[in-house]
Amino acid sequence: MAESQTMTAPSVVLERQKRAKFRRNMFYLALIVAGLVAPFLAYPVFLMKVLCFALFACAFNLLLGYAGLLSFGHAAFLATGGYVTGYLLASYPGLTPELGIIAGTLLATLLGVVFGVLSIRRQGIYFAMVTLAIAQLVYFMFVQAPFTGGEDGLHGVPRGELFGLISLSSNLAMYYFVFAIFIFGFALIQRTVHSPFGQVLKAIRENEPRAVSLGYNVDAYKLVAFVISAGLAGLAGSTKTVVFQLASLTDAHWHMSGEVILMTLLGGVGTLLGPLMGAGIVVSLQHILAQSPLGNWVSVILGIIFVICVLSFRSGIIGELDKMYRKNFK
Amino acid sequence: MTMIFGVPLAVFMGQLTLGLVNGAFYALLSLGLAVIFGLLKIVNFAHGAQYMLGAFAALLGFRYLGINYWLALFLVPLVVGAFGVLLERFLLRRIAHLDHLYGLLLTFGLALIFEGTLVNFFGVSGARYATPEILQGGLNLGFMFLPTYRAWVLVAALAMCLFTWFMIERTRLGAYLRAGTENSQLMQAFGVNVPLLITLTYGFGVGLAAFAGVLAAPLYPVSPTMGSSLLIVVFAVVVIGGMGSILGAIITGLAMGIIEGLTKVYYPEASNTVIFLVMILVLMLRPVGLFGKEA
């Protein structure tokens, strides 16, 4: 053993890292190519739904997987992004979709600051309860606010023309726009996770008192992570509203906060690709079940998956695959 | 007619009683959550669903087995509590050694299953459960009309709260429970059967929720979703009070009910959000909760 240890000279390690990085880049490239080809193989609207929820789940995963914070209120950001974008685009016909999306994202980010400042005052289980309660407050505000259309929601939001130039009315054009947004969000999360900031987040997740004793302002780190996550969840909601041309209370309901947890858990908490996979599976499942005789049992089936995941599948699909790969090929 | 800040006394008192009754439910449910949290360290997300199961058990027991209200008040908590014992023994125990967030997620999944299943059989529109004859009608107190059933709910819920307090603070079993809350490993070293204690505690907490459900059955429409929205309010109540003390949970529950009732009188638009606003205020001023201890 000692012999082989001495064999791994710095240059060998560097070489190995370089290869790993190359492999990772090739993998991402393959994913992008797959994303570009996908609308010719599957129904674009379905794919857009998957991408929106995948972005939502990725944003959630940044918080749970890398900062160890379980938010039970992420639906509030999805809905805020959706409602703001929907309201603006429907009321001001001159507004281009990207501006509407930016506005929705900004407001969700602001809400994230408020949420974050309040909720990081408590840890662990209390954090989950606080976020759930504030999200319920936001839900009731949306029920009563004059601009959300109450129980009916907002309908007929125009897709408009991107930058005032490209019409998004065709699903293919819309798809590539959504794909670009997803890539942006995913890249931002990837950068955040692999940055020194992300390393500190992981340290806080593993051992908060230790991170404090090392001199890190833990609350500031948590807050920034929370705000980034909220902003990206808002971006997902805004984009979703433009795609489906509607915003409704479903997005603000606590069921939605639960769904995004399930997507992340199923795909693999703390893995970059897990949320994408989880979102794909959950959305497909809902799609398939809705047309089958089991249509009314969606929430029961999601609950069962939840229980199975927690009992015996805690690393999620990507996590388990990763474990298998490490065991057999390394 | 006597007026209180521009509101007739009868209306004021009526809303106050309504608020107190709601508060009694908050107290019962947050008490159950606190008891479970104390020993198991998990937040029982299925608490609302178990409250709902209590109400449904009373309704179905009456419909198909002819079990009357008084018998249901006694039997249903035992049956649903026994169900809770099974859940703990076969599901929760398997993840007891993990991060406590997994307990929250597992019980959330269970809540989805219970709710979804009952929605399929009974729909979301609630069914009515008849008030027992002896508790129908009301008392005219001169300044207000007090429905007998509401008065009974208040008495029964408070009696149950006091019973729980007595059990935990004044009996040997309660002493074990408190000791286990402080340090369960040491308890085990002293020869106490901690796993059994944990199972029974969970069953007791679930039984409390079911008891609240039976009490609620004649008062609110019995529907599969009756528990979930209530539970989120109870979470806010728990954050406000902190889960450290039994009496704290009872007082906070009642106080929040009263605040909600008064908001309904003076500013109805905010009545379903006021408890969350109080929670935000408490988080800003005293993050550990009114009765919480510094961790």
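Me: A residue is called buried if 20 or more other C-beta atoms lie within 10 Å of its own, exposed if 12 or fewer do, and partly exposed in between. In this predicted model, why is Ala211(A) called partly exposed?

Reply: Ala211(A) has 19 other C-beta atoms within 10 Å. Buried requires 20 or more and exposed 12 or fewer, so the count of 19 places Ala211(A) in the partly exposed class.

Me: Where does Ala211(A) lie, and which residues beyond its neighbours in sequence is it in contact with?

Reply: Ala211(A) belongs to helix 9 of chain A, residues 208-213. Leaving aside neighbours within four places in sequence, its contacts are Val200(A), Ala203(A), Ile204(A), Tyr216(A) and Val218(A). Contact here requires C-beta atoms within 7 Å. Between Ala211(A) and Leu201(A), ten residues apart along the chain, the C-alpha separation is 9.2 Å.

Me: What makes helix 4 of chain A largely enclosed by the rest of the structure?

Reply: Of its 17 residues, 16 are buried, so helix 4 of chain A is largely enclosed. This helix, residues 75-91, reaches 24 Å from its first C-alpha to its last, close to the 24 Å expected at 1.5 Å a residue.

Me: How do you know that helix 7 of chain A is close to its expected span, and what covers its buried residues?

Reply: Helix 7, residues 171-194 of chain A, has 24 residues and reaches 34 Å between its end C-alpha atoms, close to the 34 Å expected. Among its buried residues are Met174(A), Phe177(A), Ile181(A) and Phe186(A). Their cover includes helix 3, strand 1 (161-162) and helix 10 (218-244) of chain A.

Me: Which residues touch the most other members of the largest nonpolar core?

Reply: The core has 190 residues, and the most other members are touched by Leu55(A), Phe56(A), Met129(A), Ala133(A), Ala55(B) and Ala236(B). Helix 3 of chain A, residues 44-67, supplies the largest share, 18 residues. Met129(A) touches Val43(B), Phe235(B), Val238(B) and Val239(B), not counting residues up to four places away in sequence.

Me: What makes up the side of chain B that touches chain A?

Reply: The contact takes 32 residues from chain B and 32 from chain A. On chain B, helix 4 (101-122), helix 9 (226-241) and helix 11 (274-285) each supply at least two residues. Helix 4 of chain B gives the largest share, 14 residues. By class, this side of chain B has 22 nonpolar, seven polar and three charged residues.

Me: Why is chain B called as compact as a globular protein of its length?

Reply: Chain B comprises eleven helices and four strands. Its radius of gyration is 19 Å, close to the 19 Å that the globule rule gives for 295 residues, so chain B is as compact as a globular protein of that length. Along the principal axes, its C-alpha atoms fill a box of roughly 65 × 50 × 35 Å. Of its 295 residues, 48% count as buried. Among contacts in chain B between residues at least 6 apart in sequence, 76% join residues at least 24 apart.

Me: What is the secondary structure of residues 71-92 and 104-129 of chain B?

Reply: Both spans are included in what UniProt, in an unreviewed entry, lists as "transmembrane region" for chain B. Residues 71-92 are 91% helix and 0% strand, with end C-alpha atoms 30 Å apart. Residues 104-129 are 73% helix and 0% strand, with end C-alpha atoms 31 Å apart.

Notes. Residues numbered from 1 in each chain as written. Chains lettered and ligands numbered in written order. Predicted model: local features only at pLDDT ≥ 70, side-chain atom pairs only at ≥ 80, totals over all residues. Expected span 1.5 Å × (residues − 1). UniProt positions renumbered as here; feature names shortened; annotations may be inferred. Contact = placed C-beta atoms within 7 Å. Nonpolar A, V, L, I, M, F, W, Y, C, P; charged D, E, K, R; others polar. Core = buried A, V, L, I, M, F, W, Y, C linked by C-beta atoms within 7 Å. Rg over C-alpha atoms; globule rule 2.2 N^0.38 Å.
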